[in-house]
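Visitor: I have a structure open and would like to learn how to read it. Where do we begin?

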Amino acid sequence: MYSEKVMDHFMNPRNVGEIESAEAVGEVGNAKCGDIMKMYLQIDENDVITDVKFKTFGCGSAIATSSMATEMIKGKTVKEALKLSNKAVAEALDGLPPVKMHCSVLAEQAVKAAIFNYAKERDLYYEELEGFDPTEDGHDHGHEEE
Amino acid sequence: MSKQIYFDYAATTPMKKEVLEEMMPYFNTEFGNPSSVHGFGRHGKTGLDSARDKIAKTLNAKSDEIFFTAGGTESDNWAIKGVAYANKNKGNHIITTKIEHHAVLYTCQALEKEGFEVTYLDVDEYGMINLDDLKNAIKDNTILITIMYANNEIGTIQPTKEAATIAKEKGIIFHTDAVQAYGNLTLDVNDLGVDLLSISAHKIYGPKGVGALYIRKGTKTKQLILGGAQEKRRRAGTENIPGIVGFGKAAEMAYENLEAHNKKLINLRDKLTKELLEKISYTRLNGHPTKRLPGNVNISFNFIEGESLLLSLDMVGIAGSSGSACTSGSLDPSHVLMAIGLDHETAHGSLRLTLGDFTTEEDIDYVIEKLPPIVDRLRQMSPLYEKVKGGNK
């Protein structure tokens, strides 16, 4: 049911771990629904994400999307990272089953949540975060397919 | 990675060679319709009758109390709806449990929409019903009690005989879904005192798409499948003769071999359970420690999610199942795990390994070797584990 890329990122996830002195930390999801993603970003004075780590409780695609999202934002500026869409994450993994698309939403939200906290602490403004609510985590679980 | 070990016997079983051999002639040489008068038909009828006798014998039932269906699901649907419709002049109340298979639960829910009233009994932390709860749930208008013999997810065996006795004292019809128990436990319909009992062939090394419903003589039920005069005019449709013949053979083999089968499975089950609980911390056994199906192991691993566990196991050739929501595409984890009081996280982290006739001690050892590092790898990735580790150190 999963693509080879999803399985690769699930079995050999990139950037697993924590960054103790991370500038940005975000956590989305909840145990009730069966997935939680936590992301740590190291951001330098030029707003470049120099390192990313994640920890995820969840299914195979939750782990794979977290891994792929970290790869896609590493080395990018914060503004560029905010442009990461769930669709781009899913496409980079050669697609996800419809019921698992919410995992890619969660990965996008995890990145945004980390940057949201970073911006809040530093009183920074990113227009990409307009209307972003870190408590929303895209948990429709593909109910529209039913 | 060529090794492939099957640990999902509760989902379905591989058909035994002897069963297949018994079925083969009925596909082409003995293909006649049992309803036909000619010799071809008579041969088909012989296969049908013989299978019915074999299955009746395993249940200590009479042959004319066994009715073939298309599987356990149809048997459950028929038993519940059949009794409900045929007895609605007496009342409209049905009692069941919260941990039934969906074939029972959804049938009961459908009846609720038609005006029937259903009580869903709670279970304790082991998945066991309380007989006093059952007594207290009975009302003047109760017409049917349906309680599964043994649970498909956690393996817990209910006090079916005691529950059936309570029903009988009150003159209420009693049905049990014995799909998981059949072929694994001794089931004597007269000793148990049940009025209806559902069974299925593919759980006992027989073919898929065939089951049976035991209906005690004199039990009022309504016919659901209309058409020809098959099954004593109670279930229409040309009989699935090859399937039924295979079912008969599988049933016969299961009960010839029951004691050895159980002894072996219980040993392997208990070894697997004990070793996994000892080797891996933050785990719990789901279901009753002893009153459980011989081949059922169901363990929750905290801080990790079941689907990722199943995928990882599949990569090393171990085929199991989970009560996690992510394996079913629904939002909530298994209703059975929720009913025994697990929190969502623990329910999401459940793993069911079910053993069967082809499971070996080497297979068990292989799981005991492979599972701990897999659980550890997933925990190292989990933000929930991080919190616990932080708290401990």
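This is a predicted model: local features need pLDDT of at least 70, side-chain atom pairs count only at pLDDT 80 or more; totals for chains, interfaces and linings use all residues.

Visitor: How do I read a sheet, and what is the strand order in chain A?

Guide: Strands of a sheet pair through backbone hydrogen bonds, either parallel or antiparallel. In chain A, three strands form an open sheet in the order S1-S2-S3, and the pairing is antiparallel. Strand S1 (24-30) and strand S3 (49-57) of chain A are the edges, each pairing on one side only. From one strand to the next, the twist averages 10°.

Visitor: How many bridges join S1(A) to strand S2 of chain A?

Guide: Seven, and S2(A) covers residues 35-43. For one example, find A:Gly29: its bridge partner in S2(A) is A:Ile36.

Visitor: Which helices lie across these strands?

Guide: Helix H2 (residues 60-73) of chain A lies across S2 and S3 of chain A, at about 175° to S3(A). Helix H5 (residues 101-122) of chain A lies across S1 and S2 of chain A, at about 140° to S1(A).

Visitor: Is H5(A) largely enclosed or exposed, and what follows it?

Guide: Of its 22 residues, 16 are buried, so H5(A) is largely enclosed by the rest of the structure. After H5(A) comes A:Asp123, with a positive phi near 60°.

Visitor: Now chain B. Why is strand S3 of chain B called largely enclosed?

Guide: Because five of the five residues of S3(B), residues 93-97, are buried. Both faces are covered: B:His93, B:Ile95 and B:Thr97 lie on one side, B:Ile94 and B:Thr96 on the other.

Visitor: Which strands pair with S3(B)?

Guide: Strand S4 (residues 117-121) of chain B pairs with S3(B) in the parallel sense over five bridges. There, B:His93 stands opposite B:Glu117. Strand S5 (residues 142-146) of chain B is also parallel to S3(B), joined by three bridges. B:Ile95 has B:Ile145 as its bridge partner in S5(B).

Visitor: Last, how many residues are in contact between the chains?

Guide: 20 residues of chain B contact 22 residues of chain A. On the chain B side, the largest share, four residues, comes from H12(B). That side divides into 10 nonpolar, six polar and four charged residues.

How values were computed:
Residues are numbered from 1 along each chain as its sequence is written. Chains are lettered from A and ligands numbered from 1 in the order in which they are written. Two strands pair if DSSP finds at least two bridges between them. Helices (H or I, at least four residues) and strands (E, at least two) are DSSP runs, numbered from the N terminus. Axes are lines fitted to C-alpha atoms, for helices over the stretch in contact, and angles run from 0 to 180 degrees between N-to-C directions. Two residues are in contact if their C-beta atoms, placed from the backbone, lie within 7 Å. A residue is buried if 20 or more other C-beta atoms lie within 10 Å of its own, exposed if 12 or fewer, and partly exposed in between; C-beta atoms are placed from the backbone. Ala, Val, Leu, Ile, Met, Phe, Trp, Tyr, Cys and Pro count as nonpolar, Asp, Glu, Lys and Arg as charged, and the others, Gly among them, as polar.
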